[in-house]
Amino acid sequence: MEEHHVGITVEVNGRPHRSTVEPRTLLVDYLRDDLGLTGTHIGCDTGQCGACTIIVDGQSVKSCMVLAVQADGAHVRTVEGLAQDGRYHAVQQGFWEKHGLQCGFCTPGFMMQSVQILEDNPDPSDEEIRDALEGNLCRCTGYQNIVEAVKAAGATIRSGAETMAVGTGVGA
Amino acid sequence: MHPAPFAYKAAHSVEEALQLLRSHEDAKILAGGHSLIPALKLRLTQPALLIDISKISSLRGIRRENGKLIIGSGTTHREIEKSHLVAEASPLLASVAPQIGDVQVRHRGTFGGSLAHADPAGDWPAAALAVDAELVIAGAHGTRTVHASEFFTGMLTTVIQPDEILTEIKVPGEGTPGIYLKHRNAASGYATVGVAVTATHDHGRIGTVTIGVTGATPVAFRASVVEHALNGHAVSAHLLDEAASHAADGLECLSDIHAPAAYRSQLVKVMVRRALGKLLHA
């Protein structure tokens with residue numbers, strides 16, 4: 001029979017979630033509204049801006065362009081899952097150190113795409129970084145510091161250095 | 001923006017998907033969804049049922065068989081972009097893939113989906129025409145194979161019937177040099193005009209040139225007049241100038257807020273000339 005409500009199992013940031021969703025539910029709305037993971041932002045809602053970028057089964061996607069039902073059985077990573085064991089991800093540290101943001105609205109999407117870039121190649125050239133960030137729009141920074149942030153994160157990953165403890169710099 | 005309600009079924013085989021298509025009046029096939037989901041969100045289309053074919057593993061992958069490259073319709077743009085086999089066997093396809101959308105889009109959007117959608121500004125139709133791709137379409141009575149030259153029938157329209165599914169695409173795999181050049185709409189990245197060219201040449205003499213053009217007209221087309229003017233001739237800048245100057249002869253180009261028809265028509269000539277120049281070094 002036709003399915004107007006569909007059961008899905010999605011692992012998000014290492015935690016399995018079983019949910020029943022309407023097939024028309026967008027993945028970004030499922031993350032934000034059903035799971036309360038509001039770190040993934042909705043910018044344009046038309047697949048242009050990249051603010052809703054997350055990683056599904058190892059591949060960055062714009063979650064406003066994917067249905068939640070399509071993520072059934074998938075491993076999803078969002079910005080909330082970047083910090084591990086009380087330490088920031090190298091990309092988070094890079095954006096903090098190089099001031100890769102101003103208003104911050106686009107930042108979760110940029111960071112997830114940056115994670116994808118560095119998982120594909122931990123030592124990308126400036127041109128490769130700019131190419132791979134094509135699907136993410138930032139209206140504040142002019143991109144220069146974002147590229148610097150990705151390069152800094154790459155250097156951290158390559159060196160194997162420990163990243164900052166979560167909370168470092170907050171309120172300082 | 002939210003789509004109107006629809007039912008959803010994930011098919012696990014082409015047979016199952018075909019069966020579902022046959023038993024539902026108003027069903028649509030969902031693959032990568034990167035053309036369909038935006039249309040659903042704008043409620044330009046409101047199907048009763050989506051049949052998800054993205055989990056059918058037989059529709060995915062790239063292999064070489066009898067000198068031909070065989071690409072499953074569900075293969076993503078990114079998989080084609082990263083494929084060493086494609087780079088070696090079809091430089092034209094390898095040139096197109098990284099120019100589509102952005103990385104996130106290429107992770108989801110599929111080769112077959114793009115061809116079946118037949119967007120007048122899509123990139124793959126130009127390449128499919130230039131390599132004379134063979135498109136394998138499955139239906140109730142088995143499969144049929146259609147050449148790209150007969151596949152696209154109108155804006156957003158192909159020969160695929162409502163109860164059929166595009167399953168694989170065969171392209172020549174002998175590594176014929178090819179290149180895709182596009183003038184991108186700055187906001188969307190879609191082709192205002194895109195030109196896909198393949199050419200064989202030997203000691204300064206052109207063998208066979210093929211040219212597919214997208215973006216300019218409601219349906220992508222082969223620039224046959226230009227091809228005929230080049231085939232078998234010695235390469236020279238003058239020859240390419242002269243041949244490319246006829247690339248838009250008789251065309252009725254699309255017109256929109258981004259590019260009026262006269263501009264597109266001029267772009268066709270310019271882009272054909274540039275693509276030929278890059279490929280033939282003249």
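In chain B, B:Leu135 stands opposite B:Val146 in β7(B). The two strands concerned, β6 (residues 134-139) and β7 (residues 142-147) of chain B, run antiparallel and are joined by six bridges; strands are DSSP runs (E, at least two residues), helices are runs of H or I with at least four residues, and both are numbered from the N terminus. Two strands are taken to pair if DSSP finds at least two bridges between them. A hairpin of two residues links β6(B) to β7(B).

The model is predicted: local features need pLDDT of at least 70, side-chain atom pairs count only at pLDDT 80 or more, and totals for chains, interfaces and linings use all residues. Residues are numbered from 1 along each chain as its sequence is written, chains are lettered from A and ligands numbered from 1 in the order in which they are written, and side-chain values use heavy atoms, with hydrogens and water left out.

**Sheets of chain B**

An open sheet of three strands has the order β1-β3-β2 in chain B, with parallel pairing. Its edge strands, each pairing on one side only, are β1 (7-10) and β2 (27-30) of chain B. From one strand to the next the twist averages 25°. Helix α1 (residues 14-23) of chain B packs on this sheet and touches β1, β2 and β3 of chain B, its direction making about 170° with that of β3(B). Angles run from 0 to 180 degrees between N-to-C directions, the axes being lines fitted to C-alpha atoms, for helices over the stretch in contact. Within the sheet, B:Ala10 has B:Asp52 in β3(B) as its bridge partner.

A further open sheet comprises four strands in the order β11-β12-β13-β14 (chain B), and its pairing is antiparallel. Here β11 (178-184) and β14 (221-222) of chain B are the edge strands. In β14(B), B:Arg222 is the residue opposite B:Gly212. Helix α12 (residues 261-280) of chain B lies across β11, β12 (191-202) and β13 of chain B, at about 30° to β12(B).

| Strand pair | Direction | Bridges |
|---|---|---|
| β6(B) and β7(B) | antiparallel | six bridges |
| β1(B) and β3(B) | parallel | four bridges |
| β13(B) and β14(B) | antiparallel | two bridges |

**Salt bridges and the interface**

Over all chains the count comes to 23 salt bridges, each being a side-chain nitrogen of Lys or Arg within 4 Å of a carboxyl oxygen of Asp or Glu. One of them joins B:Arg106 and B:Glu81, with the closest N and O atoms 2.8 Å apart. Because B:Arg106 lies in helix α6 (residues 103-108) of chain B and B:Glu81 in helix α3 (residues 77-82) of chain B, the pair ties together parts that are 25 residues apart in sequence.

Between chain A and chain B, 32 residues of chain A are in contact with 32 residues of chain B, contact meaning heavy atoms within 4.5 Å. The buried area is about 2,700 Å², of which carbon and sulfur atoms give 52%; this is the accessible area (1.4 Å probe) that two parts lose on being put together, summed over both. Five salt bridges are counted between the chains. In the salt bridge of A:Asp120 with B:Lys82, the closest N and O atoms are 3.8 Å apart. On the side of chain A that touches chain B, β4 (59-62) and α3 (107-120) of chain A each supply at least two residues, and β4(A) gives the most, with four residues.
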